[in-house]
Amino acid sequence: ILLSHSNHHEGEADAIANASLLAGFSESAEIKALLASLPDLHEDSVSRETGTERFLVIMDRYQEQPHLLDSHLEWMLNMLLKLIRDEKSPPLLVHLGFKFLYIISKVRGYKTFMQLFPHEVADMQPVLDLLCRQDPKDTETWETRYMLLLWLSMTCLIPFDLSRLDGHLNSEPGLNREPIMDRILAVAKTYLRVSDKSRDAASVLVSKFVTRPDVKQKRLGDFLDWTLTTISQASDLTMEGTVTLDGALQSLAQLFKHGKREDFLQYAPTVLQCLDQKKIAESSLAMLRKLGVKVVQRLGLTFLKPRLAKWRYQRGSRSLAVNLAQSTAAGKVLDAKPELESGSREEDYDIPEEVENVIEQLLGGLKDKETIVRWSAAKGIGRVTGRLPKELADEVVGSVLDCFSFQETDNAWHGGCLALAELGRRGLLLPSRLSDVVPVILKALTYDEKRGACSLGSNVRDAACYVCWAFARAYDPSELKPYVNQIASALVITAIFDRNVTCRKAASAAFQENVGRQGTFPHGIDILTAADYFAVGNLNNCYLTISVYIAGFEEYTKPMIDHLVSRKINHWDGVIRDLATKALHNLTPQAPDYMAKTVVPQLLSMATGMDLHGRHGAILACAEITHALYKVGAEICALIEKLSLSKMPFKEDPVIMFFSVYVCTEQLVSQYLAALRSPEVLTRCGCALALGSLPRFMIHSKLQQVVAHVHTHTYIDKSFAEARRDAATAMARVCVTAGVCAQGSPDSAVCEKNVTAVYEALLDCMNDYITDSRGDVGAWVRAAAMTGLLDLTLQVAGSAPELLSPAICQRMMCCLAQQAAEKIDRYRAHAGSVFLQLLHSTQPVVPHIPHREELLSIFPPHSAESLNWNAASQAFPHVSQLLRLPVYQYHTLLGLAVSVGGLTETTVRYSSHSLFEHLKGIQQDSAALLQFGDTLLRIFRDNLHNDRVSVPFLKMLDQILANSCFELFVSVENHPFCVELLSLCKEEIKKSKDIQKLRSCVAVYCGLILFQGDVRKKILVQLMMLLCHPFPVIRKATASQVYEMLLTYDDVIDAAVLDDVMTVLSDTNWESDLTTVRSHRNQLCDWLGVPRPTVLAKVIQ
């Protein structure tokens, strides 16, 4: 088991777990056929694209296991080169062949694949000629240029002086050929400036070509001068300059990597000085900064002698199998070679002063804002430190540790972790430094810096896991033994509680490596079984299941709990806070004493702290832990019961310990009631909800007091809908919790003495229509009241139905009917649901519901579930049927008025259609129509100057009159309905400046013109007055409406003056000044036979 765990490498977990490892290159036959068919398919673009896509799909399967292609690379290369070398192959086929070669090199890696290219003397000239014929600016054939450059790089390795290939350059008269050396350098320089991937291949060509002995002797200095000049002159502010800098820096990095130290040492100071002057590290482009770091580290390695430090720590053989096979294991082995000494004689050499500059730049690179730069700098730190004397190397380690101060950013922490991992992996971090390093890594494993609405640090935690993984492979178990419990606990905590799945998986992999390599982690194999690489992928599973299992091992219990309390219940992410509190609930049985005596006091202090997230998490955690402790107590009680039933003898030894929590109920309830008067609205909301959540024993004998205080705040907080909503919710909850007892005390239960007051308070909330900038916030209060009425009514009906008087039930059902007819879909649906639950309730039956039988016929129980109250097309046809029932007519029509006169198209359409269907059914029933008219007038009268109702009501009246719904009343002289309606309209718009209301009233006046008698003259007078309204828009709208009215009803005025009246109405500019308009208006009054309105003079006192 240890072998299997320890030989596991990063990146292989997915493949192993999913059993997706490939056994071999199974598509070789298909690939062979595909390559052989290239001459046939290259001419057809569709076939060419299909073949290329298929080849790409097959190759991509081997990205994770490219070594499986090794035995097949040669024949694939030969087949493609055969096509390329064939003189009869058209250019398109040649480019296609090189594209396939690029795909293979991308999968296998260019370093491996390029070695297979033929590189004999005869190959150099054709490859160079073919490359020279390419167009560097052709974006379609960059793969061809890329592969030719790699091929040319291999041909440069021939061990012959290139001058021998030139022959006699001037042998032919008039022909002056350029030497091959110069041609290759010119090609390299050209392609170092291109913007495609050929630039990368050109840098490889430079590293192979310029380091040749003959080229190095003649051209190295010149090429470095050209490179440094290019760097000095190029600007990273332009695209062209950026590309040029990229190519030059790549070539320098490759040269100093592959060249011999003695050849490049003389140029290194000059190159370093050029880079310092250019300030590559300050560039805004991450790729340039990365290349700058690469060049600097290669310069550092050039300054230092290429030797391994004798002081470095070596664990011994890297093969675990060899280590396990050895019968005696040494704790620390300095080296396998006995002749190497530990003295300082080998280290006694001068360190060039430029090395300090190099290390300083690399340390700065650790703090770069881009990961690729930090990673390159970390590798550079490891490489350079490996060549330094012990004292200087220790100073470098100290500088790396400075990255972990609290003033540094997450970038510095991440770079520092990468550097420590590299140093440890290379044996450059001596065990004596572990006491400084381990605490830093433990902090990095929980690094989480809040930034705005999120946090930074997942990359730091991931890198810290990499450090732990590297340490497992680098150190002997005896060296890490003092830190095992700390590292194990920290990795387990990260593996199961980290918010980021990448960090959890990294921690799991590091823990697994330590279990295999170190073998000292407590319960390592058991934990790995539960928290393997894939199990930690599910966050809920980690918090709620795996954590409980791991907490069963006492070494991890308290660290896990402490981490949740200190780092997770105050987390910025609400989901993490919620999961953390649930995890604490689940962990409580593992350490109930610790929870009760240590954790809960900490949480109580956090609950009153300044941090909002901390307060929220602490309150939730207190609730969860308290509940868990209650469960533990219940289990103890069950144990006592069973022990008693078993008659187990008791020897006066303490076998069971109890703890109790005493709460002063008087003080708590009084505190909540006093807080209802707090100036802070959220405090009032919270205390109201807290009162509603108190258990029965705490509100016993205080019900009347609580209800009175809460009732006060259902109407006193006019400007805070949240407080009124929570007060309504609390009132219902308190009453439900207290219970019902018909003859009981009003201080302890809902009874005949207080039931009416409670219902009146909740029903009053149903009339809350207060609005603010958020809209109809009173709807929150109405919804809370409806929910409270449902809960309370079902409880009263079940315990003492005699308390529900007919008056209470009627008012409640009427209010619900009104809400079920209103315009907001969500609250209409809520009201309809409550209405039907009360109507259809059988256990218990709600008494005294008016018209129960008729309601059941409208809303049959079997169809109630299928009725979608949110859909206006389904709700209003049912609701409008309540208009037939006298008890419900007023409230239903009141709700419909708001919907019919509303703004939402679907609501208006379906509500008005349902209303007119009802009116159509009573057209011939004068009594029903008269009752409907009286209800309309009563609603208008009750809501005068209440714009929430009156404006949509006038719109509804306009529609009713336009549809001739009162045809029976029209022929009656001065019908009372028309007379009173006219009076109410006049009163409604008196001194009004509401444009919408005034226009609606004009429309109603024009609809009332159908009624016979003197009332018609009064209506015309009102219209004439509106023709001279102070608002031009009202004058114009009135003229337009009157014009349409006269077109529609030709019997309103005398036919002799009709044409004149119509001409004045249409031709007059009613938006001009009032003096001009008034003269036209007075002329109309004369023609219509109505008195001219006169302007009343203001009385000045």
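Q: In which helix does Met287 lie?
A: This is a predicted model, in which local features need pLDDT of at least 70, side-chain atom pairs count only at pLDDT 80 or more, and totals for chains, interfaces and linings use all residues. Residues are numbered from 1 along each chain as its sequence is written, and side-chain values use heavy atoms, with hydrogens and water left out. Helices are DSSP runs (H or I, at least four residues) numbered from the N terminus. Residues 286–303 form the helix that holds Met287, namely α18.

Q: Which residues does Met287 touch, not counting residues up to four places away in sequence?
A: Contact means heavy atoms within 4.5 Å. With residues up to four places away in sequence not counted, Met287 touches Asp246 and Ile372.

Q: At what angle do helix α13 and helix α15 pack?
A: Axes are lines fitted to C-alpha atoms, for helices over the stretch in contact, and angles run from 0 to 180 degrees between N-to-C directions. The axes of α13 (residues 198–209) and α15 (residues 239–258) are 8 Å apart. The residues of α15 that meet α13 include Asp246. The packing angle is about 35 degrees.

Q: How far apart in space are Met287 and Val373, C-alpha to C-alpha?
A: In sequence, Met287 and Val373 are separated by 86 residues. Their C-alpha to C-alpha distance in space is 7.7 Å.

Notes: Helix = DSSP H or I, 4+ residues; strand = E, 2+ residues; numbered from the N terminus.
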